[in-house]
Structures are given as structure tokens and as C-alpha cells.
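Biologist: Before we start, please put the model on screen. I have some questions about its fold and its side chains.

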Amino acid sequence: MWIILLVGLIFPRLASAILCFFTNWFDGVFLTWYWPLLGFIFMPYTMLWYSAAINWYGGEWQFFQIAVLVIAIIADVSSSGKTARG
């Protein structure tokens with residue numbers, strides 16, 4: 001589990017692919033197939049944290065879950081902006 005978390009922090013798309021193909025991590029988290037696809041392409045940290053909050057905390061959104069979600073969104077937006085400028 002710790003290895004997947006470490007891979008998720010460094011390579012979020014790789015961790016998403018591993019979780020999608022080798023586990024049932026995303027089963028029941030998203031209602032349609034296009035939300036995880038869009039999350040994989042545009043906001044992988046946010047998609048991983050959203051699915052973690054659903055799986056680990058039963059979908060309860062309290063201060064900690066929302067704070068980490070905001071951090072994930074900032075990480076996604078800042079990393080995509082850096083690649084666009086470079």
C-alpha cells in the first residue's frame with residue numbers, strides 16, 4: 001500500500017493505471033466512465049484523492065478531506081501550468 005502511495009505522489013497517472021487495471025479501487029466511485037478518464041488526463045491528483053476519500057472515508061467530506069482536495073487541485077493546476085510554459 002505504501003508503495004502505491006509513493007508512486008501516486010511521484011507518478012499519479014501510473015498509480016491510477018495500476019489501480020484501474022489490477023484492483024477494484026475505482027468500482028462504484030464514479031457513475032460514468034468519462035469522469036475517471038478526464039481525471040486521468042487533466043487532474044490525476046484530484047481524481048486519486050477523490051477516490052481515496054470515497055474508499056477510505058466512506059464519502060464523508062469533512063475539513064481534512066476538503067483540505068487535501070484543495071491541495072490536490074492546486075498541485076494539478078500548478079503542474080499543468082508549468083508544463084504549458086516550458
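**Fold and side chains**

Modeller: Among contacts between residues at least 6 apart in sequence, 48% join residues at least 24 apart. The model is a predicted one.

Biologist: How many helices and strands does the secondary structure come to?

Modeller: Along the sequence the pattern reads α-α-α-α-α. The count is therefore of DSSP runs, and it comes to 5 helices and 0 strands.

Biologist: Why do the buried residues of H2 line one face of the helix?

Modeller: Helix H2 spans residues 12-22, and its buried residues are Pro12, Ala15, Ser16 and Leu19. Seen down the axis of H2, they line one face because they fall within an arc of 100 degrees.

Biologist: Which exposed residues does the face of H2 turned away from its buried side carry?

Modeller: The buried residues of H2 pack against helix H1 (2-10), H3 and helix H4 (44-57). On the face turned away from them, the exposed residues are Phe21 and Phe22.

Biologist: How far from Asp76 is the nearest side chain of opposite charge?

Modeller: Asp76 sits in helix H5, residues 63-85. Leaving aside neighbours within four places in sequence, its contacts are Met43, Pro44, Tyr45 and Thr46. Asp76 is buried and has no salt bridge; the nearest side chain of opposite charge is Arg13, and the distance is 6.4 Å.

Biologist: What is the area of the nonpolar surface patch that includes Trp35?

Modeller: Trp35 belongs to helix H3, residues 34-42. The patch also takes in Trp33, Tyr34, Leu37, Leu38, Phe40, Ile41 and Phe42, and its area is about 870 Å².

Definitions and conventions. Residues are numbered from 1 along each chain as its sequence is written. This is a predicted model: local features need pLDDT of at least 70, side-chain atom pairs count only at pLDDT 80 or more; totals for chains, interfaces and linings use all residues. Side-chain values use heavy atoms; hydrogens and water are left out. Helices (H or I, at least four residues) and strands (E, at least two) are DSSP runs, numbered from the N terminus. Buried means under 20% relative accessible area, exposed over 50%, partly exposed in between (1.4 Å probe, protein chains only). Lys and Arg count as positive and Asp and Glu as negative; His and the chain ends are not counted. A salt bridge is a side-chain nitrogen of Lys or Arg within 4 Å of a carboxyl oxygen of Asp or Glu. Contact means heavy atoms within 4.5 Å. Patches are made of residues with over 30% relative accessible area and no salt bridge: like charges are joined within 9 Å, nonpolar side chains (Val, Leu, Ile, Met, Phe, Trp, Tyr) within 5 Å. Accessible areas come from the Shrake-Rupley method with a 1.4 Å probe; for residues, only the protein chains shown count as cover. The arc is that of the directions from the helix axis to the C-beta atoms.
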